[in-house]
Amino acid sequence: GYLMGAALLTLGSCTNEINEEGFVDKANTISFSAYSNKTRAGYTSGDVDISKMKEGSFGVVGYTTSNNSLYLGLTDKAIKQIWKEDATYAGSGYWDYADQNELKYWPQENMDFYAYFPYSDQGDVFAQSDASGDVMTINNVTGNQDVLFACEKNQAQTAHVPLRFHHALSKIASVNILVNQPNVVVTVQKIEFLNTSTKGTIKVDNSGNATYVPTSNTTRSFDFSPSLEIDYSKTSGVTLFTNEKNGYIFATNRNLAHNVTGTGKTLWDSQKSSINKELLSQSDLVCMKLTCKVKVAGTYLVGGDGDSNYGEMYIPMQGISANSADISDLLAGRRYSYKIIMSS
């Protein structure tokens, strides 16, 4: 009798998925809360914070710590989590399974969780084990979106697993050109950021750190039609593009920073001696390239007369920022705004 009672108690503690009325009991459901790591100060349109995440969905997979085996999700599909408003309290809500058939309950051990935003139901790959190596491979096909990722290791059972998301990409937020001499006119047709990548895969390893596998020929660029003309009368200069244009690129750092190791590309330091090929455009250095015309006192220094007669100007992106910070790399989670002053 005592042995049977103990067995029944044990059985009851493990089979709480359905209560006596036949409804799903979510007391031991693996549930989540989400937070964004605000390394980008003052979020505006185009950058994802938690409010933007609530408008979409994120994917999550989970591994048991005893054998590092995939328990939540599949190798080709993460579990989709969507935000649901709580009608009882204005402005409140919770993250829930988009497909209730995928709902999982806590095992009798701790777990490791990996998550990413925005969710995709195809193209992303998850390891069968998180014992070593890359666990999550995120396929960034558009190259025009903010990508976030999270990792929570050795998590004990809790009501809501706290997922703290990091930004996977750097961002060129804007470029402004100011002409401060009355006899200078600059006309810009296109701006490119050479040797940067916008598309490819983002791999998150079992430590929760990200690296890239870039797709070739995905340099970030913006075309302007009609061309933008800047002269001395435009006292605030002309902003070629704004933060809302989603100028996301892979970070360039070689060493881990903000949970991301970048492409290892070198930002050009403006010195001719640093160029490792005959032409800067043929090198592997990161810099801006303006397709433009520059006219000084009626004489063209770059380009010439005619609608198609544009030249090229190369501008370094390494240097000292306005707040005296040394900019030697473009880091994930940071926004960079450049102001080019044309003096002569």
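Predicted model: local features only at pLDDT ≥ 70, side-chain atom pairs only at ≥ 80, totals over all residues.
Two strands are taken to pair if DSSP finds at least two bridges between them.

**The open sheet.** Select strands S7, S8, S13 and S14, which form an open sheet in that order, with antiparallel pairing. At the edges are S7 (125-126) and S14 (210-214), each of which pairs on one side only. Next, display S7 together with S8 (residues 134-140): two bridges join these antiparallel strands. Within this pair, Phe126 stands opposite Met136 in S8.

**Asn176.** Move to strand S11 (residues 170-179) and select Asn176, which lies in it. Is this residue buried or exposed? Asn176 counts as buried because its relative accessibility is 11%, and the cut-off for buried is under 20%. Show the side chain of Thr239 as well; a polar contact of 3.1 Å links it to the side chain of Asn176. Leaving aside residues up to four places away in sequence, Asn176 also touches others, including Ser236, Gly237, Val238, Tyr338, Lys339 and Ile340.

**The largest pocket.** Colour strands S22 (319-320), S23 (326-327) and S24 (335-342), each of which supplies at least two lining residues. Which strand gives the largest share of the lining? It is S24, with five residues. Colouring the lining by class shows nine nonpolar, five polar and five charged residues.

Key:
Residues numbered from 1 in each chain as written. Heavy atoms only, no water. Helix = DSSP H or I, 4+ residues; strand = E, 2+ residues; numbered from the N terminus. Nonpolar A, V, L, I, M, F, W, Y, C, P; charged D, E, K, R; others polar. Buried < 20%, exposed > 50% of the residue type's maximum accessible area, 1.4 Å probe, protein only. Polar contact = N/O pair within 3.5 Å; in protein donor to acceptor, adjacent residues only side chain to side chain. Contact = heavy atoms within 4.5 Å.
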